[in-house]
Amino acid sequence: MNLESKWLEDFSALAATRSFSQAAERRFVTQTGFRRGMRSLEAGLGLTLENRSRTLVELRAADQLFLGTAR
């Protein structure tokens, strides 16, 4: 598994803001680039990390556990 540390920092920003656009802004990247990084992180882990079914991103219990590792 090849994970980049910036993806972990991106995930932490997403968890803090609960918004792809705000997290991308916080990380000084485009929203498209940010989403691409999140997809790469998910592909590297072999799972989907956040619940995108709502306007605000929701972290599930497993996501909360991973967030501790990412930080």
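## Aromatic pairs

In this predicted model, the count of aromatic pairs comes to two. One of them joins Phe20 and Phe34. A pair of aromatic rings is described by the distance of the centres and the angle of the planes. For Phe20 and Phe34, the centres lie 6.0 Å apart and the planes stand at 80 degrees. Planes over 60 degrees apart count as edge-to-face, so the Phe20 and Phe34 pair is edge-to-face.

The pair links distant parts of the chain. Phe20 sits in helix H2, residues 20-26. Phe34 sits in helix H3, which covers residues 31-45. What is the relative accessible area of Phe34? The value is 0%, and Phe34 is buried. Phe20 has a relative accessibility of 6% and also counts as buried, because the cut-off for buried is under 20%.

## Helix H1 against helix H3

Phe34 also takes part in a helix contact, that of H1 with H3. Helix H1 covers residues 5-17. H1 and H3 pack at an angle of about 110 degrees, and their axes are 9 Å apart. Angles from 65 to 115 degrees count as roughly perpendicular, so that is how H1 and H3 are placed to each other. Their crossing is left-handed.

Which residues of H1 meet H3? They are Trp7, Leu8, Asp10, Phe11 and Leu14. On the H3 side stand Phe34, Gly37, Met38, Ser40 and Leu41. By class, the residues of this contact are seven nonpolar, two polar and one charged.

## Helix H1 against helix H4

H1 also packs with helix H4, residues 61-70. The angle here is about 130 degrees, with the axes 9 Å apart. H1 and H4 are therefore oblique to each other. The crossing of H1 and H4 is left-handed.

From H1, the contact takes in Leu8, Phe11, Ser12 and Ala15. These meet Asp63, Phe66, Leu67 and Ala70 in H4. Six residues of this contact are nonpolar, one is polar and one is charged. Leu8 and Phe11 are listed in the contact with H3 and in the contact with H4.

## Val57 in its loop

Where is Val57 placed? Val57 lies in the loop between strand E1 (50-51) and strand E2 (58-59).

Val57 and Ser19 are 38 residues apart in sequence. In space, the C-alpha atoms of Val57 and Ser19 are 5.8 Å apart.

Methods
Residues are numbered from 1 along each chain as its sequence is written. This is a predicted model: local features need pLDDT of at least 70, side-chain atom pairs count only at pLDDT 80 or more; totals for chains, interfaces and linings use all residues. Side-chain values use heavy atoms; hydrogens and water are left out. Axes are lines fitted to C-alpha atoms, for helices over the stretch in contact, and angles run from 0 to 180 degrees between N-to-C directions. Helices (H or I, at least four residues) and strands (E, at least two) are DSSP runs, numbered from the N terminus. Angles under 35 degrees count as roughly parallel, over 145 as roughly antiparallel, 65 to 115 as roughly perpendicular and the rest as oblique. A crossing is left-handed if the near helix is turned anticlockwise from the far one by less than a right angle, and right-handed if clockwise. Contact means heavy atoms within 4.5 Å. Ala, Val, Leu, Ile, Met, Phe, Trp, Tyr, Cys and Pro count as nonpolar, Asp, Glu, Lys and Arg as charged, and the others, Gly among them, as polar. Rings of Phe, Tyr and Trp (its six-membered ring) pair if their centres lie within 6.5 Å; planes under 30 degrees apart count as stacked, over 60 as edge-to-face and the rest as tilted. Buried means under 20% relative accessible area, exposed over 50%, partly exposed in between (1.4 Å probe, protein chains only).
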